[in-house]
Amino acid sequence: MTGIRFRTLSSLSDVEKSAWDAVANPPGDAYDPFLSWDFLQALEESGSATTQTGWQSVHLIAEDEAGALVGALPGYAKSHSYGEYVFDHAWADAWERAGGRYYPKLLSAVPFTPVTGRRLLSPDASIREGLVKAAMSITEQNGLPVWSMNFPAADDREMTEGLGLLHRVDRQYIWENAGYQTYDDFLGDLASRKRKALKKERAAANADIEIVGLTGDDLRPEHWDVFFACYQDTGVRKWGAPYLNRAFFDLIHQRMADRVWLVLAKQDGRYIAAALNFIGSDALYGRYWGRLADTPFLHFELCYHQAIDFAIEHGLSRVEAGAQGEHKLARGYRPRAVHSVHYIPDEGFRRAVADYLDYERGAVLADIEAQQAELPFKTSS
């Protein structure tokens, strides 16, 4: 690649927003809110993803001879394995028991966001391959045990084939729009018993509850107050401490309000629950949920049913409701494979991890196939 230079940035603030967005979300490609400068830089500026929290920015960029940005790969030197949703704690334990030092490691991903998307940000295949090789070189030159690229789109995953990276498979549950015009159209695709169960569930969730969905200029600071209180409750119960702080959501409100859909539930005049979604050009991404009062079925209503309503109304092809959650199957969310790729320079460690991933991959794919039988859709006779 004559004239192309690769280098790293210690902060996204070191590159112009317009230059980053031109490669992250180029015209003609599906818009991914999580790759935008607004989102990624907000993680840094708010202090949510910084060296102090274990996310040291190592964004890899490619520049042409004139110094123009022509490619990028978001990246971080991690001092732990939290907030990734691709779990390698057992790898870290094995490497350190063998006398190695697992952290820092190199990660290419969107912090706290298990959403499949572009990672090698360039329309030029040679530059994308160059980004992969540059990340591998950084890993080797700095004596790092692993470089991981989490939740890459298929094209990016295929770009790494033949370069010595290991392939890992997990699953998520994704609702897919089969051209529905209404929620009742979706229900019509379900078996009678399942359809009745969801109708009953939604009726129970909405009893004595007012549900409001807000985006853009309709969002106010008081709505974010409610959401953040709910988010903190979930964080404390699940992770011990929430990953994101209030400053991050303030920045998102300032920069991306039209890409946010916040669903709030009110009971007896008081907000009691909230679910935050981000809006892509072809998908709704469910991200965070929390509640201040325990109400039956409200989680399912705010996070899954309301999301389906929104996707149908806005002609979106799918709802990605985040990691884990087999309970999503009964709500029409299908199990789908998601991926990560990993470069491990040490031959012995690479061989051991490869053996494990071969076994794990087969088990995950078999489980995905088995879960198809648990879906609520009608079966062909």
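These entries record what I looked up in a predicted model.

**Conventions**

I number residues from 1 along each chain as its sequence is written.

**Aromatic pairs**

I looked up the ring pairs and found 28 aromatic pairs. Rings of Phe, Tyr and Trp (its six-membered ring) pair if their centres lie within 6.5 Å; planes under 30 degrees apart are stacked, over 60 edge-to-face, and the rest tilted. I noted Trp55 and Phe112 as an edge-to-face pair, with 5.0 Å centre to centre and 65° between the planes. This pair links distant parts of the chain, 57 residues apart: Trp55 belongs to strand S2 (residues 55-57) and Phe112 to the loop between S6 and H4. Helices (H or I, at least four residues) and strands (E, at least two) are DSSP runs numbered from the N terminus. Trp55 and Phe112 are buried, that is, under 20% relative accessible area, where exposed is over 50% and partly exposed in between (1.4 Å probe, protein chains only).

I then turned to Phe228 and Tyr231, which form a tilted pair because their ring centres are 6.0 Å apart and their planes stand at 35°. Both residues lie in helix H8 (residues 221-238), 3 residues apart, about one turn of the helix. Phe228 and Tyr231 are both buried. Ring pairs also join them into a cluster whose members include Phe34, Phe39, Trp224, Phe248 and Tyr288.

**Charges over rings**

I found the charged end of Arg202 over the ring of Tyr183, 4.5 Å from its centre. The charged end of Lys266 sits over the ring of Tyr271, 4.5 Å from its centre. The criterion is NZ of Lys or CZ of Arg within 6 Å of the ring centre and within 35 degrees of the ring normal.

**Cysteines**

Searching the whole structure, I found 0 disulfides, a disulfide being a pair of cysteine sulfur atoms within 2.5 Å. Cys230 is buried, with a relative accessible area of 0%, and Cys303 is buried at 12%.

**Cavities and a pocket**

I counted 5 cavities of 30 Å³ or more. On a 1 Å grid over the protein atoms alone, a cavity is a set of points where a 1.4 Å probe fits but cannot get out; a pocket is an open set with protein on both sides within 12 Å along at least five of seven lines; lining residues have an atom within 4 Å of a point. The largest cavity holds about 50 Å³. Its lining includes Val58, Leu73, Leu106, Ile138 and Trp147, and strand S6 (105-108) and helix H4 (125-141) each supply at least two residues.

For the second largest pocket I noted a volume of about 370 Å³, a volume being the space filled by probe spheres set on the points, which are joined across faces, edges and corners. Of its 24 lining residues, the closest to the centre are Asp29, Ala30, Gly117, Arg118 and Ala153. Helix H5 (154-159) and strand S12 (283-291) each supply at least two residues of this lining.

Technical notes. This is a predicted model: local features need pLDDT of at least 70, side-chain atom pairs count only at pLDDT 80 or more; totals for chains, interfaces and linings use all residues. Side-chain values use heavy atoms; hydrogens and water are left out.
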